[in-house]
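Here is a short briefing on the structure shown below.

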Amino acid sequence: MSRAEIFNNIEMKPKEYKSEVSPVWCPGCGDYGVLNSTYRALSELGIHPKDFVSVSGIGCSSRLPYFVKGYKMHTLHGRAGAVATGTQLANPSLSVMVAGGDGDGFSIGGGHMPHMARKNVDMVYVLMDNGIYGLTKGQSSPTTRKEMPAYITPYGGVEEPLDPVMYMLTYGATYVAQAFAGNPKMCAALIKGAIEHKGFAYVNIFSQCPTFNKIDTAKYYRGLVEDLSEDHDPTDMDQAIAVARRPNGKAPVGLIYKEDRYTLCDEMKRLVDLVGGSPDYDTQKIIDAHIP
Ligand SMILES: Cc1ncc(C[n+]2csc(CCOP(=O)(O)OP(=O)(O)O)c2C)c(N)n1
Ligand code: SF4
Ligand SMILES: [Mg+2]
């Protein structure tokens with residue numbers, strides 16, 4: 001089965017994608033909005049749960065796969081991207097999605113992020129950005145604002161946060177989108193587009209943690225975000241960078257950038273064809289063909 005054939009295969013309502021496990025997030029957690037948006041995107045695409053794999057590391061947000069029907073792997077902290085890459089290469093017909101947090105992705109998992117983007121691994125990465133380590137009770141993360149009094153930095157931080165959108169644009173992700181969890185319609189549309197996209201699709205979702213991040217509230221995010229203008233051209237990198245720089249202080253939401261580029265999987269197939277069409281990625285053959 002090819003990847004294109006996984007779409008429109010089944011009629012399932014969003015709620016039918018709920019697994020038998022109920023979410024355990026705190027009341028008011030933004031991750032509920034991301035979960036509901038994922039159900040909606042899968043339903044609109046008509047993906048059978050057997051063709052969907054969600055992979056996560058560790059964190060409150062990394063629990064998301066438990067709550068969605070399909071194959072799933074709850075892996076090590078920061079290693080979801082590496083496991084998802086292997087999954088995608090092993091069975092390219094699957095739809096592979098990483099779900100995780102800002103700490104999981106950009107702290108301990110930070111070494112993987114640029115490489116998934118530049119290699120254009122054909123998968124979706126949904127990052128629930130709450131500017132905090134939620135699961136471990138409120139330490140600062142790479143997206144924590146400097147003025148945030150976190151558990152280990154009670155007087156605020158001493159460093160600037162990174163911007164996930166700017167980061168992903170810089171490292172070559174071919175689909176870069178941003179949304180706020182309080183707008184599930186937009187989140188669902190962007191996750192849907194990310195699943196359909198061939199290549200590395202990164203969706204940054206501001207997802208409030210009312211328990212441990214008292215400054216990035218839902219109200220704060222609502223005031224922070226701004227829809228992209230109607231004439232924004234997502235195929236234009238210069239425009240994408242310009243909005244990502246937040247010239248008016250607002251964080252752009254919507255599809256910021258999209259590009260069609262060969263994927264890691266395409267290149268692996270090309271290599272296999274080059275050395276004789278082995279379907280088994282025979283490393284010895286590759287070495288023999290290239291080392292005199
Ligand atoms: C190797 C390792 N180091 C540290 C931890 C502790 N730990 C678990 S989750 C987490 C941070 C989670 O933050 P984030 O990814 O932002 O998820 P959130 O809970 O905010 O959704 C940390 C440091 C761990 N589980 N494993
Ligand atoms: S601690 Fe924060 S991120 Fe974790 S479930 Fe509660 S509100 Fe959500
Ligand atoms: Mg977090």
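**Backbone and exposure**

Lysine 137 counts as exposed, at 55% relative accessibility; buried means under 20% relative accessible area, exposed over 50%, partly exposed in between (1.4 Å probe, protein chains only). This is a predicted model: local features need pLDDT of at least 70, side-chain atom pairs count only at pLDDT 80 or more, and totals for chains, interfaces and linings use all residues. Residues are numbered from 1 along each chain as its sequence is written, chains are lettered from A and ligands numbered from 1 in the order in which they are written, and side-chain values use heavy atoms, with hydrogens and water left out.

**Positive phi**

- Lysine 137 sits in the loop between β4 and α5; helices (H or I, at least four residues) and strands (E, at least two) are DSSP runs, numbered from the N terminus. Its phi is near 75 degrees, a positive value in a residue other than glycine.
- Asparagine 120 lies in the loop between α4 (113-119) and β4. Its phi, near 55 degrees, is positive too. Asparagine 120 is buried, with a relative accessible area of 0%.

**Helix α5**

- Helix α5 covers residues 164-171. Its buried residues are Pro164, Val165, Tyr167, Met168 and Leu169.
- Aspartate 163 caps the N-terminal end: a side-chain oxygen lies 2.9 Å from the backbone nitrogen of valine 165. A polar contact is a pair of N or O atoms within 3.5 Å; within protein, one must be able to donate a hydrogen and the other to accept it, and residues adjacent in sequence count only if both atoms are side-chain atoms.

**Ligand sites**

- Ligand 1 is surrounded by 16 residues, the closest being Cys60, Ser61, Gly103, Asp104 and Gly134. A residue is near a molecule if one of its heavy atoms lies within 4 Å of it.
- Oxygen atoms of ligand 1 lie 2.6 Å from a backbone N or O atom of aspartate 104, 3.0 Å from a polar side-chain atom of asparagine 130 and 2.9 Å from a polar backbone atom of leucine 135.
- Around ligand 2 are Trp25, Cys26, Cys29, Cys60, Asn130, Gly134, Cys209, Pro210, Thr211 and Phe212.
- Asparagine 130 and isoleucine 132 are both buried.

**Histidine 232**

- Histidine 232 is placed in the loop between β7 (225-227) and α8 (237-244). It counts as buried, at 11% relative accessibility.
- The side chain of histidine 232 reaches the backbone oxygen of isoleucine 256 at 2.9 Å.

**Nonpolar cores**

- The largest nonpolar core has 42 residues; Ile47, Leu64, Val126, Ile195, Val203 and Ile205 touch the most other members. Such a core is a set of buried Ala, Val, Leu, Ile, Met, Phe, Trp, Tyr and Cys residues joined through side-chain atoms within 4.5 Å.
- A second, separate core of 29 residues includes Val98, Met113, Tyr125 and Ile256.
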